[in-house]
Structure formats: C-alpha cells, structure tokens
Amino acid sequence: DHLDETGLSFFEEAKRDLEGRGVPYEEISIENNPEAEKEWRRLAGAHKIVPVLVTDGEVKIGFGGGGTV
C-alpha cells in the first residue's frame, strides 16, 4: 500500500475524492484475481502504478500526482 503525506493510501484518497464528488465507481482488486491483474497490467503499461482509474475511456494512472494516459 502506498501512503501520501497525510498517511492515507492513494486508494483511500481516490475513493474519498470520488465519493466526495458523488461519482459512482467500482473497486476491483487485483489481489488473487488473475483476470483483473492482467487488465491492470494492460492499462498501467510500464508504469505498474495503482490505482488505475478509468472514466469514459480515459485512463488515469495513479492518484495525487499520477499521469493521464
């Protein structure tokens, strides 16, 4: 788990942001889920960063400083 300066994980920060803006989301863990891990590797590419956020076809790698692919 990656923590930011507030001690919250990037996952928690992303979820807090989405919930605060009223954006519905589906959380998919890659842990013990080979199909989800394969899709994460495809979306994240060489970055291998989590979380990966996909909105209307736009892929954002990371949260709080991550880039958009």
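User: Taking a salt bridge as a side-chain nitrogen of Lys or Arg within 4 Å of a carboxyl oxygen of Asp or Glu, which residue does glutamate 37 pair with?

Analyst: Glutamate 37 forms a salt bridge with arginine 41, and their closest N and O atoms are 2.8 Å apart. This is a predicted model, in which local features need pLDDT of at least 70 and side-chain atom pairs count only at pLDDT 80 or more, while totals for chains, interfaces and linings use all residues. Residues are numbered from 1 along each chain as its sequence is written, and side-chain values use heavy atoms, with hydrogens and water left out.

User: Where do glutamate 37 and arginine 41 lie?

Analyst: Both lie in helix 2, four residues apart, about one turn of the helix; helices (H or I, at least four residues) and strands (E, at least two) are DSSP runs numbered from the N terminus. Glutamate 37 is partly exposed, with a relative accessible area of 27%, and arginine 41 is likewise partly exposed, at 39%, where buried means under 20%, exposed over 50% and partly exposed in between (1.4 Å probe, protein chains only).

User: How many salt bridges does the structure hold?

Analyst: The structure holds five salt bridges. One of them joins lysine 15 to glutamate 12, with the closest N and O atoms 3.4 Å apart, and these two residues both belong to helix 1, three residues apart, about one turn of the helix. Glutamate 12 is partly exposed, with a relative accessible area of 38%, and Glu12, Lys15 and Glu27 are linked in a network of salt bridges.

User: And arginine 21, is it buried or exposed?

Analyst: Arginine 21 is exposed, with a relative accessible area of 54%. Its side chain meets that of aspartate 17 in a salt bridge (2.9 Å, N to O), and aspartate 17 is partly exposed, at 26%.

User: Switching to pockets, what volume does the largest pocket have?

Analyst: About 840 Å³, the volume being the space filled by probe spheres set on grid points joined across faces, edges and corners. A pocket here is an open set of points on a 1 Å grid over the protein atoms alone, where a 1.4 Å probe fits, with protein on both sides within 12 Å along at least five of seven lines, and its lining residues have an atom within 4 Å of a point.

User: Which residues lie nearest its centre?

Analyst: Of the 24 residues that line the largest pocket, Glu26, Glu27, Ile28, Val52 and Leu53 lie nearest its centre. Helix 1 (10-20), helix 2 (34-44) and strand 1 (52-55) are the elements giving two or more residues to this lining, and helix 1 gives the most, with five.

User: What about the second largest pocket, how many residues line that?

Analyst: The second largest pocket, with a volume of about 160 Å³, is lined by 11 residues, of which Leu18, Arg21, Leu53, Thr55 and Lys60 lie nearest its centre. Helix 1, strand 1 and strand 2 (58-61) each supply at least two residues of that lining, and strand 2 has the largest share, with three.

User: In which sense do strand 1 and strand 2 pair?

Analyst: They pair in the antiparallel sense over four bridges, where pairing requires that DSSP finds at least two bridges between the strands. Leucine 53 stands opposite lysine 60 in strand 2, and in the hairpin, which has two residues between the strands, aspartate 56 takes a positive phi near 50°.
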